[in-house]
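Please load the model in your viewer and keep the sequence panel open beside it. The tour below moves from one selection to the next and says what is found at each stop.

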Amino acid sequence: MTARVFISRDAGALAVGADQVARALFKAVGTRNLDVDIIRTGSRGMYWLEPLVEIERPEGRVGYGPVKASDIDGLLDAGMLEGAKHQLYLGLVEDIPFFKRQTRLTFKNCGIIDPRSLEDYQAHGGYQGLKKAIEIGPAATVEEVVNSGLRGRGGAGFPTGIKWRTVLQTPPQQKYIVCNADEGDSGTFADRMIMEGDPFVLIEGMTIAGIAVGATYGYVYIRSEYPQAIEAMEIAIKLAREGGMLGPNVAGSDYAYDMEVRVGAGAYVCGEETSLLESLEGKRGEVRAKPPLPAHIGLFGQPTVINNVLSLATVPIIMSDGATFYRDFGMGRSRGTMPIQLAGNIKHGGLFETAFGISLGELVDDVGGGTRSGRPVRAVQVGGPLGAYFPRELFDTPFDYEAFTARDGLIGHGGIVVFDDTVDMARQARFAMEFCAIESCGKCTPCRIGSARGVELVDRIVADEDREENIIVLEDLCNTMKFGSLCALGGFTPYPVMSALTHFPEDFGAKKKRLEAAE
Ligand SMILES: Cc1cc2nc3c(=O)[nH]c(=O)nc-3n(C[C@H](O)[C@H](O)[C@H](O)COP(=O)(O)O)c2cc1C
Ligand code: SF4
């Protein structure tokens, strides 16, 4: 019987040698004349175990990792193909605690299926959501997404169904679906993992969106730093088209929908939706004033749904398993699951999908296992470069949009970057201002000029030049940026700066008392 072996070709696995391992295995099974089928999948998201080699056994997939090419002969000698014990033996992959305690809905098939096989996707429940959407039609599909409680996973958390309803209600004309795969937030990689590990789920989600709002064409805007994701999406789009799942008669229906990949040119601000549309139109990535909303006047002046990869990739399971099934997970107004990305100085970094409501402390200390350096965790930044720094005292905050907002933070795209006690929070505050100055599109003054002045102010504070006065000026500047900026780049940069100043005043040389008195 042919043994089936699975090795990821996800960029995170390739970076630590997955290709070399696959080649070594290929060579060894040739030399030994073994009957082995090597299937390249996406990653399970347990990056500290990559390259992870999985063997299909009657009881499930047995894992070995992290494997080096030089380990292959020893593993084969020890009986890896029969699931035998070895020092790299991990047991059943789905029993590894990090994996077992997750609720995988959006990532249901990631790391399991062959991302270059439409048949494999369909064999794992793929395209059932689309089937349902075709059956019930556009209006009912939109209402299903509204009822699921799904909110945009790109950062702002706007209800996806409401956005779709707005586009559905615009008069019939050329409409577009745009998928935001710019994924610029620090410590985030969930969009990339989906595109590399389960690209058909994104294509299915975009196709459902197209049918729901009456859009016949879509674009996936992928950052240029993601060559593997670009390749995976292009291959999958071609296969979907050949399989009749894209084109003039989607899945044999009367609905037409097709799509293509567009590659970004490397600006953080091109992830902002209106700037992204400018870029897609071939212009410089500069933010547009709102209104009009992209739902009314979007790409090429036409009504456009623009959603993050995760928002769109979650739609198929909502359609196949029902809005109620999905909304039963979560807390408050944060319904369903969130693919959380653990990064930075963390022992067990990776993708952890779970229902909203888990506490920040549980994620960092229990799931992530604390720092990789072994030193105490001092701060975490949640929600990308515009997210607040939280100290340990705020680790009881549940992962929930409103709970984070109440503590002057944001969950953004679900990235958590961990820092140990060697971090200098004044440097981090300076970095936030510097990042904003470099990435600013330059359209509005608070951001363009404010961020440059912010860098200078942090420098003066750290150099002990009129420290108290300059801290007051910095606070004032942050307020101007927060309330006067046109988009969230300038508007949210104050969050990392002010949270660093509020929670870690000792790094700025200020007396803690002054800030406590101000509260
Ligand atoms: C500076 C900036 C960068 C952004 N980068 C991204 C990004 O990389 N990916 C993303 O999906 N959304 C990003 N957003 C949010 C988008 O503007 C928009 O809210 C999102 O694409 C809408 O999709 P959603 O409702 O599915 O989240 C960014 C916003 C700002 C202000
Ligand atoms: S806040 Fe910054 S990035 Fe946003 S529109 Fe203004 S200048 Fe451009």
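Predicted model: local features only at pLDDT ≥ 70, side-chain atom pairs only at ≥ 80, totals over all residues.

Residues are numbered from 1 along each chain as its sequence is written, chains are lettered from A and ligands numbered from 1 in the order in which they are written, and side-chain values use heavy atoms, with hydrogens and water left out.

**The sheet**

Select residues 377-382, which make up strand β14, and with them β15; the two pair in the antiparallel sense over three bridges. Strands here are DSSP runs of E with at least two residues, helices are runs of H or I with at least four, both numbered from the N terminus, and two strands pair if DSSP finds at least two bridges between them. The hairpin of β14 and β15 has six residues between the strands, and in it G383 takes a positive phi near 90 degrees.

Widening the selection brings in an open sheet of five strands with mixed pairing, in the order β13-β12-β16-β14-β15. Because β13 (350-355) and β15 (389-391) stand at the edges with a single partner strand each, one side of each is left without a neighbour in the sheet. From one strand to the next the twist averages 30 degrees, taken between axes that are lines fitted to C-alpha atoms, with angles running from 0 to 180 degrees between N-to-C directions.

Is β14 buried or exposed? Six of its six residues are buried, so β14 is largely enclosed by the rest of the structure; buried means under 20% relative accessible area, exposed over 50%, and partly exposed in between, with a 1.4 Å probe and protein chains only.

Now select ligand 1, which has 19 residues around it, with G154, N180, N307, N308 and S311 coming nearest; a residue counts as near if one of its heavy atoms lies within 4 Å. A polar side-chain atom of N308 lies 2.8 Å from an oxygen atom of the ligand, while a polar backbone atom of E183 is 3.1 Å from a ligand oxygen and a backbone N or O atom of G184 lies 3.2 Å from one.

Stay with N308: at the start of α13, one of its side-chain oxygens reaches to within 2.8 Å of the backbone nitrogen of L310. Helix α13 (residues 309-321) is largely enclosed by the rest of the structure, because eleven of its 13 residues are buried, among them S311, L312 and I317. G322, which follows α13, has a positive phi near 100 degrees.

**Ligand 2**

Move to ligand 2, where C441, K443, C444, C447 and C487 come nearest of the 13 residues around the ligand.

**R241**

Finish at R241, which lies in helix α11 (residues 227-242) and is partly exposed, with a relative accessible area of 38%. Leaving aside residues up to four places away in sequence, R241 touches L246, D258 and M259, where contact means heavy atoms within 4.5 Å. The side chains of R241 and D258 are joined by a polar contact of 3.1 Å, that is, a pair of N or O atoms within 3.5 Å, of which, within protein, one must be able to donate a hydrogen and the other to accept it, with residues adjacent in sequence counting only if both atoms are side-chain atoms.
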